[in-house]
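Colleague: I have a structure open and would like to talk it through. Can you take my questions as they come?

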Amino acid sequence: IAKEDSAIAASTHDGRYLYFTGEKKLKEYLYRYDLEMGRLEKRHFPELSALQSPAPNPKDGNRVALSGMENGFTDLYTVDFEAGKITARLTSDPHDDNYPVYTADGASIIYSTEIGISSSNTPNRDLRIWSEADGATLPLTDAPGVEKEPAVSEDGSRVLFTADASGVWDLYEMELATHKVWRRTRVIGG
């Protein structure tokens, strides 16, 4: 069963491992299912009271970015699955950071962050990109409403994401080099 509003599972670039989060006996776990060996492993990170949206690094499938809650705040972390430890806390702010996904080169992470409440009294989420080279976070979108669930193209030049800019959920595409955005679907109704 998936938690509301979180990514269900993600596979490594080579398709060998499937990562997902879950709860057992009131503890949150990061699970890794080895599709070749048919083996399930789990890791618990006691520092984090909730785990969501695992995203394996395309260059190192053992390294996983995820959204984790500590002291009531949801931030982004990277973990080393084999070692069973948190390797870095990528964000540390009062915003709800979720839906991480690595860029194709594995050097940056695109994610959605809740940055406040819009004029219509609904949450406002924008996409940001975190760079491993310098730890800097830069905005990718700055629109009213919610942009979330980014997915990076195989060549790393584009990002697909969902947004409710028109009042219903549609699919959008962004060219990373220019930040130009195209609406790709036009859903009629809710």
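Modeller: One definition before we start: Ala, Val, Leu, Ile, Met, Phe, Trp, Tyr, Cys and Pro count as nonpolar, Asp, Glu, Lys and Arg as charged, and the others, Gly among them, as polar. Also, this is a predicted model.

Colleague: By class, what does the lining of the largest pocket have, then?

Modeller: The lining has 15 nonpolar, 6 polar and 3 charged residues.

Colleague: What volume does the largest pocket have, and which residues lie nearest its centre?

Modeller: Its volume is about 510 Å³. Nearest the centre lie Ser11, Pro56, Val101, Tyr102 and Val152, out of 24 lining residues.

Colleague: Which strands each supply at least two residues of that lining?

Modeller: Strand 1 (9-11), strand 5 (50-56), strand 9 and strand 13 (147-152).

Colleague: Staying with Val101, what is its bridge partner in strand 10?

Modeller: Ile110 is the partner. Strand 9 and strand 10 (residues 108-117) run antiparallel and are joined by 5 bridges.

Colleague: What sheet is that in, and in what order?

Modeller: An open sheet of 4 strands, ordered 9-10-11-12 with antiparallel pairing. Strand 9 (96-102) and strand 12 (137-139) each have a single partner strand, so one side of each has no neighbour in the sheet. On average, neighbouring strands there are turned by 30 degrees against each other, direction ignored.

Colleague: New topic. How many helices and strands does the chain have?

Modeller: 0 helices and 16 strands.

Colleague: And what is the radius of gyration of the chain?

Modeller: The chain has 16 Å, which agrees with the value near 16 Å for a compact globule of 190 residues. Of those residues, 43% count as buried.

Notes. Residues are numbered from 1 along each chain as its sequence is written. This is a predicted model: local features need pLDDT of at least 70, side-chain atom pairs count only at pLDDT 80 or more; totals for chains, interfaces and linings use all residues. Side-chain values use heavy atoms; hydrogens and water are left out. Two strands pair if DSSP finds at least two bridges between them. Axes are lines fitted to C-alpha atoms, for helices over the stretch in contact, and angles run from 0 to 180 degrees between N-to-C directions. On a 1 Å grid over the protein atoms alone, a cavity is a set of points where a 1.4 Å probe fits but cannot get out, and a pocket is an open set with protein on both sides within 12 Å along at least five of seven lines; lining residues have an atom within 4 Å of a point. Grid points are joined across faces, edges and corners, and a volume is the space filled by probe spheres set on the points. The radius of gyration is taken over C-alpha atoms; the globule rule is 2.2 Å times the number of residues to the power 0.38. Buried means under 20% relative accessible area, exposed over 50%, partly exposed in between (1.4 Å probe, protein chains only).
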